[in-house]
Amino acid sequence: MLHHNRYLPEEIIVQILCRLPMKPLIRFSSVSERWRYLIIEDPQFAQSHFKLASDRKTLTQRLLISTDYQLRSLDPETPSFADNNSSLNNLTFAHFSNLVGCCNGLVCVDVDGYEKHDLSLWNPSTGFKRKLPDSDFACAVKNMSRFAESDIGRSGLGYVSSTDDYKIFIDAGVYSKPSQTFMEIYSSRLNSWKPIQVREHDPPCSFRSPTTSTMGALLNEPLHWFYRKVGEEEPTILAFDLAKEEFREVPFPTFDGDADDVDVHDMRVQVVSRGGGECLCVSIARRRGGVNFMEFWVMREYGVRESWTMLFKFNTDHVSESVGGNLYGCEAIFVTEGGTVVFRLRFRDRLVRIECHREAEPVCSTPFNVNDGDGPVYGVIAYNETLFSVPELGLHEMNEADVS
């Protein structure tokens with residue numbers, strides 16, 4: 001009589017778990033201490049799960065919404081926003097939280113951004129949280145008068161693969177007398193901040209304030225923002241390379257001559273998955289022949305102006321009728337190659353999803369009130385559900401920090 005081993009080999013269990021979606025996988029982390037370590041803490045398993053989901057195109061994207069008292073998660077592609085809204089009550093931060101950036105499912109959160117600016121790296125999917133040391137900006141805020149104001153302007157989070165390093169960029173200000181400005185970068189490998197040295201005539205000193213969102217769009221290792229040069233009306237894209245820690249310009253699309261108006265206040269730069277890779281994407285409000293349009297352009301070859309191509313467009317007048325008002329001040333926060341767009345209506349704290357298919361009229365979802373009585377909405381960001389975390393500073397990194 002044959003006796004079969006009722007236990008599967010470890011490597012088979014790992015392969016099975018690697019193929020599971022995030023929700024059941026998180027539930028299975030409570031099966032045993034070994035499974036909890038594997039799913040929640042093992043960096044190799046997190047990388048394997050992410051790569052497999054990326055290759056199979058099964059990564060789940062969600063929207064993270066910051067209000068006065070909580071952070072909320074939302075599926076952007078479901079038929080009904082309201083039916084799929086979920087509160088992250090067990091993972092919320094106690095105070096107002098500003099969203100600084102996102103990369104690999106990790107979110108940088110500015111906790112108690114009114115007074116302290118305590119930054120943390122956080123994974124909404126697993127509950128991982130790591131408080132960061134104070135930057136020079138945060139130290140200045142805590143030492144200033146409580147009546148003085150402060151804020152983080154441009155910001156972003158990214159990953160430098162060559163050094164296995166998560167980096168956070170902030171461009172912040174303290175509006176006391178005298179006022180102070182801080183441009184700093186954080187390294188998870190060294191667990192420390194340092195100032196960014198910018199010469200007087202280099203970007204971003206020669207640029208005006210951002211025309212739209214202050215959170216940089218991450219493509220590969222640079223962060224990207226819309227900017228206009230001082231003395232010029234034509235917009236451009238400013239990039240900050242996290243690996244080289246330097247600024248550069250990225251060419252903007254060249255428009256044809258039949259657009260009689262381009263609204264720079266309704267522009268946004270983001271990233272769209274396309275053809276197995278990712279491309280820079282810009283959303284632009286334009287007026288053609290008395291008709292208002294929203295256009296979405298993608299840069300097929302990074303850094304090449306001639307590679308900008310229109311992905312799709314829609315008549316915003318049709319959308320305005322559906323949402324009960326015009327789209328002035330709207331912000332595209334989620335875009336797919338297939339024509340799905342989620343807009344944040346800035347002055348009403350509402351989200352609306354639009355489906356654009358070729359030349360047909362856009363189809364709108366019922367606008368969803370994202371604040372739900374919890375005060376104003378401070379930020380919305382798209383993130384992937386992953387298992388990534390950032391380990392504590394190890395011996396190698398400590399020695400490296402001591403030498404530097």
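Mentor: Happy to; we will take the labels one at a time and set each against its cut-off. Keep in mind that this is a predicted model.

Trainee: Let me start with the whole chain. What does it hold, and how much of it counts as buried?

Mentor: The chain has 7 helices and 25 strands. Of its 404 residues, 52% count as buried.

Trainee: Why is Asn 315 called buried?

Mentor: Buried means under 20% relative accessible area. Asn 315 has 16%, so it counts as buried. Its place is in strand E19, residues 308-315.

Trainee: Which residues is Asn 315 in contact with, leaving aside its neighbours within four places in sequence?

Mentor: Those are Val 291, Asn 292, Phe 293 and Pro 362. To be called a contact, heavy atoms must lie within 4.5 Å.

Trainee: Phe 293 has come up now. What makes Lys 313 a charge over its ring?

Mentor: For a Lys, NZ has to be within 6 Å of the ring centre and within 35 degrees of the ring normal. Lys 313 lies over the face of Phe 293, at 4.9 Å from the ring centre, so the distance falls inside the cut-off.

Trainee: What makes E12 and E15 edge strands?

Mentor: The open sheet has 4 strands in the order E12-E13-E14-E15, with antiparallel pairing. E12 (217-218) and E15 (246-250) each have a single partner strand, so one side of each is left without a neighbour in the sheet. E15 is joined to E14 (residues 235-241) by 5 bridges, and Asp 241 has Glu 246 as its bridge partner in E15.

Trainee: Now the rings. Why is the pair of Tyr 159 and Tyr 166 called tilted?

Mentor: The structure holds 14 aromatic pairs. In this one, the rings are 4.7 Å apart centre to centre, with 45 degrees between the planes. Centres within 6.5 Å make a pair; planes under 30 degrees apart would be stacked and over 60 edge-to-face, so an angle in between is tilted.

Trainee: Are those two tyrosines buried or partly exposed?

Mentor: Tyr 166, at 6% relative accessible area, is buried, whereas Tyr 159, at 22%, is partly exposed. The line between the two labels is 20%. Elsewhere, ring pairs link Phe 169, Trp 225, Phe 240 and Phe 247 into a cluster.

Trainee: And how many disulfides are there?

Mentor: The count comes to 0 disulfides. The rule asks for a pair of cysteine sulfur atoms within 2.5 Å. Among the cysteines, Cys 108 is buried at 0% relative accessible area, and Cys 139 is partly exposed at 33%.

Technical notes. Residues numbered from 1 in each chain as written. Predicted model: local features only at pLDDT ≥ 70, side-chain atom pairs only at ≥ 80, totals over all residues. Heavy atoms only, no water. Helix = DSSP H or I, 4+ residues; strand = E, 2+ residues; numbered from the N terminus. Buried < 20%, exposed > 50% of the residue type's maximum accessible area, 1.4 Å probe, protein only. Phe/Tyr/Trp six-rings, centres within 6.5 Å; stacked < 30°, edge-to-face > 60°. Pairing = 2+ DSSP bridges.
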